Amino acid sequence: MTRLEGMPPPPPPPAAGAGRSPRSALAELLAGNRRFVSGQPVHGHDVTAAAAVASGDQQPYAVVLGCIDSRVPLEAIFDQTFGSICVIRTGAHVLDRAVLGSIEYVVGQLGVPLVMVLGHERCGAVGSAVETLRTGERPGGSLAYVVDQIAPAVAEVGPDDPRAHPLAVRRHVRRTVAALRADDLLAGPVAAGRVAVVGALYDLATGDVALLVEGPAGETTNRPPG
């Protein structure tokens, strides 16, 4: 997609990840989502070869772990261009050793200061886990592994709760965030404030990304971390 006439030119490429704070990285990511929601992206999902060549050396400032859902293209919903974010997608952002090792590499070797775990409403993988716990009928093949990784979140909210699906989506995001914060190679940078691991939700109806903030009611807000 080409930039529309009259739109402002794209901003300069972000500074190297190692030179940014977690707060500034998160602010940049959420600003891109606001551009996407407003219908005024500066990158316009530019996927031309020329744009790829112009990206130069890899200097990402964030890594986003999201779902494989075709309605949640991460570079587009954050209005990011080549070289700005690293993207990992699995069913319901399930962690395995390859995913965890990839995040450790991005943080340790590329100096990325922000890791975001992004869930979304009406997630099919979470729906499969809810159905499995309700019926006791476990799927076959490797889908069973994905369901098993989501099942603890469903069990915590209660599979028979009428709102089990949306509640489990949120709980699974929080569990994934907690697992990343506790990782041997990430815990130190997180404790020192050099790296932030945050959870968020994508709204399929509006395009908004909202941060998950722990509170007495588990409320969702776009407030950045303190």
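Me: How many helices and strands are there in the protein chain?

Reply: The protein chain has 8 helices and 6 strands. Helices (H or I, at least four residues) and strands (E, at least two) are DSSP runs, numbered from the N terminus. This is a predicted model, where local features need pLDDT of at least 70 and side-chain atom pairs count only at pLDDT 80 or more, while totals for chains, interfaces and linings use all residues. Residues are numbered from 1 along each chain as its sequence is written, and side-chain values use heavy atoms, with hydrogens and water left out.

Me: And in what order do the elements run from the N terminus on?

Reply: The order is α-α-β-α-β-α-β-α-α-α-α-β-β-β.

Me: OK, cysteines now. How many disulfides does a search of the whole structure find?

Reply: The search finds 0 disulfides; the term stands for a pair of cysteine sulfur atoms within 2.5 Å.

Me: Is Cys67 buried or exposed? What about Cys123, buried or exposed?

Reply: Cys67 is buried, at a relative accessible area of 6%, and Cys123 is buried too, at 2%. Buried means under 20% relative accessible area, exposed over 50%, and partly exposed in between (1.4 Å probe, protein chains only).

Me: New topic: how many cavities of 30 Å³ or more turn up in the whole structure?

Reply: The search finds 1, and the largest cavity has a volume of about 50 Å³. A cavity is a set of points, on a 1 Å grid over the protein atoms alone, where a 1.4 Å probe fits but cannot get out; lining residues have an atom within 4 Å of a point. Points are joined across faces, edges and corners, and the volume is the space filled by probe spheres set on them.

Me: Which residues line the largest cavity?

Reply: Both cysteines do, Cys67 and Cys123, and the lining also includes His93, His120 and His172. Elements giving two or more residues to this lining are β3 (114-120) and α7 (164-181).

Me: Where is His120 found, and what does His120 touch?

Reply: His120 is in strand β3 and is buried, with a relative accessible area of 2%. Not counting residues up to four places away in sequence, His120 touches Cys67, Asp69 and Tyr202, among others; contact means heavy atoms within 4.5 Å.

Terms used. 1 Å grid on protein atoms, 1.4 Å probe; cavity = no way out; pocket = protein on both sides within 12 Å on 5 of 7 lines; lining within 4 Å.
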